[in-house]
Amino acid sequence: MSTAPAAPTVPDLAQEPAAMTADVPGAAPRPFTVLQSFPEPRETTNPYVVMLRDALDAVPGTRVLTFSWRRALTAHYDAFHAHWPEILVDGNGPLKKAVRQGLFVLFLLRLRATRTPLVRTVHNLELPEGISRRERVLLRWAERATAARIRINESTELDAGTPVETIVHGHYRDWYAPHPRRERRPGRLAFVGQVRRYKGVDVLVDAFGETTDAGLGLRIAGRPTSEELAARLREAAAADPRISLSLGFVPDADLVGEVSEAELVVLPYREMHNSGGALAALSLDTPVLVPDNAVNRRLAEEVGEGWVHTYTPPLTGADLTGTLARLRAAPPAAAPDLSRREWAEAGRAHVAAYRRARAALRR
């Protein structure tokens, strides 16, 4: 899967959209404008936010702005939607980081002064690891300033201090439709997506090492977030010829090929709260093996029998071979049911959430 959006830069003023003016009697109604926390998408941008932007654009009477600091501090908008707010307080080098943190303070003060709601999608329950004390303070401040939170599955438990909306994560079927699929390879297990420590790819490698079937293969495709993780995977692949690696950014066309070629996608996350990886695999009609928890049990019920398989951590070789055996004995009878995850409905639900947050804040 693609990564979260890069930190925004400040574009030239000439590239900014025309400023929104106050309502004028007899003029057409002004569109409800929402500023998103991600900049203009690039190839590496997480498809989730791109599909959300497009779904919002399709809602009549709605206008979407992508993020720049100039827009954040000077443009007119009716709501601000944050996804990964830690990006806004980070930067390459101490000076750039300090500048962005100062701008972030001004931005929060502007939201407060104009009574503009901050709406946050809860992609992760905890703050990121390895951030500075100052970043932690700023993110806690933003959390206190949040007018509404959006959870993307029904199992997420949040405190009652701030209103919570539930809008489930949309599917990837339309996003990946332009790219051809590959022929399924029996015995191919795969992990596809950015290799982060919490995703447990090292656990998958160890579990695969417990298997002895020469007909099995493990494919890992994705960019590791550290050289330590990359070295660990290269060492494992050198010791077992059944393991193959592609350690770099995975473009959408390659992702479709890697996932559709696998008999089973394995996602051994140490903590699995929301997973675009699971939905990406299901959108490409590939079964997944995931940790047993409330989120994944609900997903299994939703999409239909045979698509979501679970295991009790820690992952073992027997979990891998046993899941393949069950999958072959009783393959899914129909495609996964992703009808609850249409983006048109998600777009309308987000706009309604923004409007409710704005109305509540102004009361």
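The following legends describe close-up views of a predicted model.

Figure 1. The domain assignment divides the protein into domain 1 (32-170 + 343-361) and domain 2 (174-329). A distance of 30 Å separates the C-alpha centres of domain 1 and domain 2. At the contact, 15 residues of domain 1 meet 10 residues of domain 2.

**Figure 2. The open parallel sheet that runs from β2 to β6.** Six strands are arranged in the order β2-β1-β3-β4-β5-β6, and their pairing is parallel. The edges are formed by β2 (62-65) and β6 (164-166), each of which pairs on one side only. On average, neighbouring strands of this sheet are turned by 25° against each other, direction ignored. Within the sheet, β3 (residues 79-82) and β4 (residues 118-121) run parallel and are joined by three bridges. Ala82 has Arg120 of β4 as its bridge partner.

**Figure 3. Helices α1 and α12 against the strands β1 to β6.** Helix α1 (residues 47-57) lies across β1 (32-36), β2, β3 and β4. The angle between α1 and β2 is about 150°. Helix α12 (residues 343-362) lies across β1, β2, β3, β4, β5 (146-151) and β6.

**Figure 4. The open parallel sheet that runs from β9 to β12.** The strand order is β9-β8-β7-β10-β11-β12, with six strands in parallel pairing. Because β9 (243-246) and β12 (308-311) each have a single partner strand, one side of each is left without a neighbour in the sheet. From one strand to the next, the twist averages 25°. Five bridges pair strand β7 (residues 188-192) with strand β8 (residues 217-221) in the parallel sense. In this pairing, Leu189 stands opposite Leu218 of β8.

**Figure 5. Helices α6 and α8 against the strands β7 to β10.** Helix α6 (residues 201-209) lies across β7, β8, β9 and β10 (264-266). Its direction makes an angle of about 165° with β8. Helix α8 (residues 252-261) lies across β7, β8 and β10. Relative to β7, helix α8 runs at about 145°.

Figure 6. Rolling a probe the size of a water molecule over the atoms shows where empty space is left. Over the whole structure, the search finds four cavities of 30 Å³ or more. The largest cavity has a volume of about 180 Å³. It is lined by 17 residues, of which Asn153, Ser275, Val295, Leu299 and Arg341 are the closest to its centre. Helices α9 (276-283) and α10 (294-303) each supply at least two residues of this lining, and α10 gives the most, with five residues. By class, six lining residues are nonpolar, seven are polar and four are charged. Both domain 1 (32-170 + 343-361) and domain 2 (174-329) contribute at least three residues each to the lining of the largest cavity.

Figure 7. The volume of the second largest pocket is about 420 Å³. Among its 25 lining residues, those closest to the centre are Arg120, Asn124, Leu125, Leu127 and Glu143. Arg120 is also the bridge partner of Ala82 in the pairing of Figure 2. At least two lining residues come from each of β3, β4 and α4 (133-145). The greatest contribution is that of α4, with four residues. The lining of the second largest pocket divides into 14 nonpolar, four polar and seven charged residues.

**Figure 8. Backbone detail at Pro314 and Arg115.** The peptide bond from Pro313 to Pro314 is cis, and its omega is near 5°. Pro314 belongs to the loop between β12 and α11 (317-329). Arg115 has phi near 50°, a positive value in a residue other than glycine. The position of Arg115 is in the loop between α3 (94-114) and β4.

Conventions:
Residues numbered from 1 in each chain as written. Predicted model: local features only at pLDDT ≥ 70, side-chain atom pairs only at ≥ 80, totals over all residues. Heavy atoms only, no water. 1 Å grid on protein atoms, 1.4 Å probe; cavity = no way out; pocket = protein on both sides within 12 Å on 5 of 7 lines; lining within 4 Å. Points joined across faces, edges and corners; volume = space filled by probe spheres on them. Nonpolar A, V, L, I, M, F, W, Y, C, P; charged D, E, K, R; others polar. Domains from an automatic or database assignment. Pairing = 2+ DSSP bridges. Axes fitted to C-alpha atoms, helices over the stretch in contact; angles between N-to-C directions. Contact = heavy atoms within 4.5 Å.
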